[in-house]
Amino acid sequence: PLRSANKMSRIARRVRQPGVYFVTSQTWQRRTLFSKPEVAQILLEQILDCRERGFYKLHAFVIMPDHVHGLMTPGDSTTIEKAMQMIKGGSAYRVRGQLQGSFPVWQSGFHDRWVRDAAEYVRLKRYIEENPVEARLAEKPGDYVLGSACRQYRLDPSRFDGQDVRG
């Protein structure tokens, strides 16, 4: 259903597809909020806390200066929309408190893609890990502490881990 004419219209998601999702969300007007270590730490803590609370299984993530990417599987009683709402809403509240402002932190909505097979999962995980290298924020994926490639954070296995993806 479409919303009233004075609000942006959005297509409602009707199917809750179980499985792994690649998600991306951008900051409001692509501001580089997460280049500030104390602000990036808030988002990192929110991502890890929501995972611990069972909103999703976390397979990979990276926090970039103006966006975040993740690979996650929503929990049994959670949708991907609810998982992202918890990350974005909780982090926005704390970021505004840290920076003492009432500005928007996130662009509305987010992009998601249901991961269809192990080859796509591997490709997207590599994309997430390489993102800081491509942006010249690190020489190697493991050097970037705001992403799962640094191996400092506990991640959950996905249904695709361990599958042979050779052609």
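**Helix H2 and its surroundings**

A: The buried residues of H2 pack against strand S1 (21-26), helix H1 (37-52), strand S2 (56-63), strand S3 (67-74) and strand S4 (111-114). Please keep in mind that this is a predicted model.

Q: Which residues of H2 are the buried ones?

A: They are Ile-80, Ala-83, Met-84, Met-86, Ile-87, Lys-88, Ser-91, Ala-92 and Val-95.

Q: Ser-91, then: what does it touch beyond residues up to four places away in sequence?

A: Its contacts are Ile-42, Leu-43, Gln-46 and Trp-106. Ser-91 is found in helix H2 and has a relative accessible area of 0%. Since buried means under 20%, Ser-91 therefore counts as buried.

Q: How does the span of H2 agree with its number of residues?

A: Helix H2 covers residues 80-99, which makes 20 residues.

Q: Is Gln-29 buried or exposed?

A: Gln-29 counts as exposed, at 60% relative accessibility. Arg-30 is at 38% and counts as partly exposed.

Q: Changing topic to the sheet: what is the strand order?

A: The order is S2-S3-S1-S4, in an open sheet of four strands with antiparallel pairing. S2 and S4 stand at the edges with a single partner strand each, so one side of each has no neighbour in the sheet. The twist averages 15° from one strand to the next.

Q: How many bridges join S1 to S3?

A: Six bridges join them, and the two strands run antiparallel. S1 and S4 pair over four bridges, also in the antiparallel sense.

Q: What stands opposite Thr-24 in S3?

A: His-69 stands opposite Thr-24 in S3. In S4, the residue opposite Thr-24 is His-111.

Q: How many residues of S1 are buried?

A: Six of the six residues are buried, so S1 is largely enclosed by the rest of the structure.

Q: Which residues are on each side of S1?

A: Tyr-21, Val-23 and Ser-25 are on one side, and Phe-22, Thr-24 and Gln-26 are on the other. Both faces are covered, with all of these residues buried. In a regular strand the side chains alternate between the two faces of the sheet.

Q: Now the core: how many residues are in the largest nonpolar one?

A: The largest nonpolar core has 46 residues, and those with the most contacts inside it are Ile-47, Tyr-56, Ile-63 and Leu-71. At least two residues of this core come from each of S1, H1, S2, S3, H2 and helix H3 (118-134).

Q: What is Ile-63 in contact with, leaving aside neighbours within four places in sequence?

A: Ile-63 is in contact with Phe-34, Ala-40, Leu-43, Leu-44, Ile-47, Val-68, Tyr-144 and Leu-146.

Q: Lastly, the chain overall: what pattern does it follow along the sequence?

A: The pattern is β-α-β-β-α-β-α, with three helices and four strands in the chain. The chain has 167 residues, of which 44% count as buried.

Q: What share of the contacts join residues at least 24 apart?

A: The share is 69%, among contacts between residues at least 6 apart in sequence.

Q: And what does the accessible surface come to?

A: The accessible surface of the chain comes to about 9900 Å², and 49% of that belongs to carbon and sulfur atoms.

How values were computed: Residues are numbered from 1 along each chain as its sequence is written. This is a predicted model: local features need pLDDT of at least 70, side-chain atom pairs count only at pLDDT 80 or more; totals for chains, interfaces and linings use all residues. Side-chain values use heavy atoms; hydrogens and water are left out. The expected span of a helix is 1.5 Å times one less than its number of residues. Buried means under 20% relative accessible area, exposed over 50%, partly exposed in between (1.4 Å probe, protein chains only). Contact means heavy atoms within 4.5 Å. A nonpolar core is a set of buried Ala, Val, Leu, Ile, Met, Phe, Trp, Tyr and Cys residues joined through side-chain atoms within 4.5 Å. Two strands pair if DSSP finds at least two bridges between them. Axes are lines fitted to C-alpha atoms, for helices over the stretch in contact, and angles run from 0 to 180 degrees between N-to-C directions. Accessible areas come from the Shrake-Rupley method with a 1.4 Å probe; for residues, only the protein chains shown count as cover.
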